[in-house]
Amino acid sequence: MNLLNISGSPHVHSDESTKKIMWRVNLALVPMLLCGIAFFGLNALLISIVSVVCCCLFQWLIEKYLLKVPTTVCDGSAVVTGLLLAFNVPATADMIWLIAIGALVAIGVGKMTFGGLGKNPFNPALVGRVFLLISFPVQMTTWPTVGKWFPMTLDTTSGATPLGIFKESGLSDMPSLMDAFLGHVGGSFGEVSAIAILIGAIYLLCRKVISWHIPVAFIGTAFLFSGILWLCNPEQFLNPVMTIFTGGIMLGACFMATDMVTSPMSKLAQIIFGCGCGLLTIIIRNWGAYPEGVSFAILLMNAVTPLLNRWCKPARFAC
Amino acid sequence: MKTFKMGGVHPEENKISTQAAIEVMPLPKQVAVLMNQHLGAPATPIVAKGDKVKVGQLIAEAQTFMCANIHSPVSGTVNKIDVCKDFVGLPKTAIYIDVEGDEWMEIIDRTPDLKRECNLEPKEIVAKLKEMGIVGLGGATFPAHIKYSIPEGKKAEYLIINAAECEPYLTSDYRVMLEHPEEVCVGASILRKALGVPNAYIGIETNKPDAIKLMTETAKKYEGIVIEPLKVKYPQGAEKQLINAITGRKVPSGKLPIDVGCVVSNLGTAFAVYEAIQKNKPLIENILTVTGKKLPSQHNYQCRIGITYNDIIKHALGELPETTGKVISGGTMMGKAISNLDAPTTKGASSVLVMDEAEARRNPETNCIRCGKCMHACPMGLEPYLFSALVKNNRVEEAKEHNILDCIECGCCYFSCPANKPLTDEIRLGKNKVRAWLAAQKH
């Protein structure tokens, strides 16, 4: 007879795995990719491909030659980083090569430096994005105009994002709310369509990859805070509905802030984390130098995550 | 429908042996009766080599407080008193008895007649539980006479009979409910009387609707027996969770159920109590489920204690399938993997669960992704991921401060971990380290 296996209990597993979680996230990102391609054409597709390929390649190279550990590219986390990074840049021809630098920083500095998936304190895609924004401010804020659907050309004329328009010239030239909801506005190509983001987010909620706490707290705080400001002075501040449907709040709240690795674990901590993100975003948008503040807000709250994990313990049984 | 409030998981139920009626396992040629089959000190043998014993005869005595009597499960001759490896491979003392015929003690009532009336006083009931060597059959094998001797200053208000059977695969309690509902109710009534509480609550998970129906019907004939349907959620049958589900009370850290006025016994124990008190039959048999997804047949057996796992497998299956990867005593969540199939069964045994090679392998461990699933699955509200890191780095004191000793080892954390981290193993190790550290502090 063959030898028996011995192990401690339990002897069964839910069959949940990191790999499954990551590929579910990738699936949830597909609607945004399709929307990006629909509005910004070939550029969006090429940027996404370059970004994903570079992220996977850099992770593989670092694991094989620097860390000398078995590769974990198949777990799909590098693909998530690649897609999210691509979604956070303007769909211009310049970005097709710049995104490779972003991928190197995201994977190399943002993730592998700390020991790979699970060890990184900051969201790698945001680390890559902020690096690009600071190093290449011109290219990162040159927005393609959105004109017709499915523009299959690499040439783009430069336009502006709703938040940029608002910062420069006030309410007069703002796009309609419907355009902002569908995504027919300027901006990073993954963040423009609120409807695509919501489809992805609902899928993730149903598959229990994310919980509602962070997105609701994030968007809710942003809505409330900007609403208070708007009530104080509707001339100076953007109304709360436009606030949450423009810029990166939707994408950030549903996909970036909910990154398991860099967000806190207990429900209370997640709500505090979401509120902090919302508050910081509105502060940066209204009083900062940049028209958009989601990336910085999430990165700042990422830094607070270990503290939140320490302070907000789960409620113990009978305590 | 009642349930515990915090954490929990829902493993695949796999109750595939529900249709198998309880069969009587034939007598083996020899049994080995271990001297520690219960929580506490081993019993002391009172027979010697060559002695003739009958079924139900006292062969080892409880000489310390935390101990239980042991009776001969067979009739025959004592072959030797020697070291015997138990099913995890630890050496224990055992009395080996060569089986000759099947001669029972005269005092034992072997008729199937139901005996409802019990005229014993509470003290006499407890004394008889001790005499009959009754221990808790839910897994911990806590001596029943100690549990039912309520300490000075404490008062029992609730008696809870655990028939949740929340572990996957196990069906022995279910079969006992279907085949002996009256006996179980009498047993529960006797325990209720011993404690002097108004009601005995029998908690049954709703994946056993026929058992709930039958028990509810039967309970109508008895005073103070309440059937409580429970939500199907693991670990519904864990002591603290079950108390929380049925009474809403919470046993604080480091306290016992009696501190919140509760006493919990397993359904199997209630059945054993009936046989002991009403029929004078000591605890010499148990009901075992023999099951496994890849097995040709599923069984529930009534077996004499002390029969080896190999004897059971030989009778039930002929031999283990070629592809067997693991054999477990108990359920898949908290059962122990058997390393020694030549070991004898003990009072607490509840199943022989055969797992296929593929089911028996764990997936490789990957990095923790801080998803918090372990924390949300933990029915005690602990942080398994944190213990894992603390224990690996030998930070024993901090593990203690984060209440690692509250862990009930239910396995929900490992079960839900997407990184396949052996969290339950690490916590078990951590608890031992903490206990060793606490012992060292005392000296």
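**Exercise 1.** In which sense do strand β5 (residues 58–61) of chain B and β6(B) pair, and over how many bridges? Then place both strands in their sheet and state which strands stand at its edges.

*Solution.* The model is predicted. Step one: β5(B) and β6(B) pair in the antiparallel sense, over two bridges. Step two: look for a bridge between single residues; B:Ala60 has B:Ile70 in β6(B) as its bridge partner. Step three: the sheet is open, has three strands in the order β3-β5-β6 (chain B), and its pairing is antiparallel. Step four: β3 (44–45) and β6 (70–71) of chain B each have a single partner strand, so one side of each lacks a neighbour in the sheet and these two strands stand at the edges.

**Exercise 2.** Describe the side of chain B that touches chain A by its elements and its residue classes.

*Solution.* Step one: the contact takes 51 residues from chain B and 29 residues from chain A. Step two: on the chain B side, two or more residues each come from β15 (324–329), β16 (336–337), α13 (412–416) and α14 (423–442). Step three: β15(B) gives the most, with four residues. Step four: the residues of this side divide into 26 nonpolar, 15 polar and 10 charged.

**Exercise 3.** Locate B:Lys220 and decide: is B:Lys220 buried or exposed?

*Solution.* Step one: B:Lys220 lies in the loop between α5 (209–219) and β11 (225–230) of chain B. Step two: B:Lys220 has 10 C-beta neighbours inside 10 Å and therefore counts as exposed, the cut-off being 12 or fewer. Step three: from C-alpha to C-alpha, B:Lys220 and B:Pro91 are 48 Å apart in space, and they are 129 residues apart in sequence.

Definitions and conventions: Residues are numbered from 1 along each chain as its sequence is written. Chains are lettered from A and ligands numbered from 1 in the order in which they are written. This is a predicted model: local features need pLDDT of at least 70, side-chain atom pairs count only at pLDDT 80 or more; totals for chains, interfaces and linings use all residues. Two residues are in contact if their C-beta atoms, placed from the backbone, lie within 7 Å. Ala, Val, Leu, Ile, Met, Phe, Trp, Tyr, Cys and Pro count as nonpolar, Asp, Glu, Lys and Arg as charged, and the others, Gly among them, as polar. A residue is buried if 20 or more other C-beta atoms lie within 10 Å of its own, exposed if 12 or fewer, and partly exposed in between; C-beta atoms are placed from the backbone. Two strands pair if DSSP finds at least two bridges between them.
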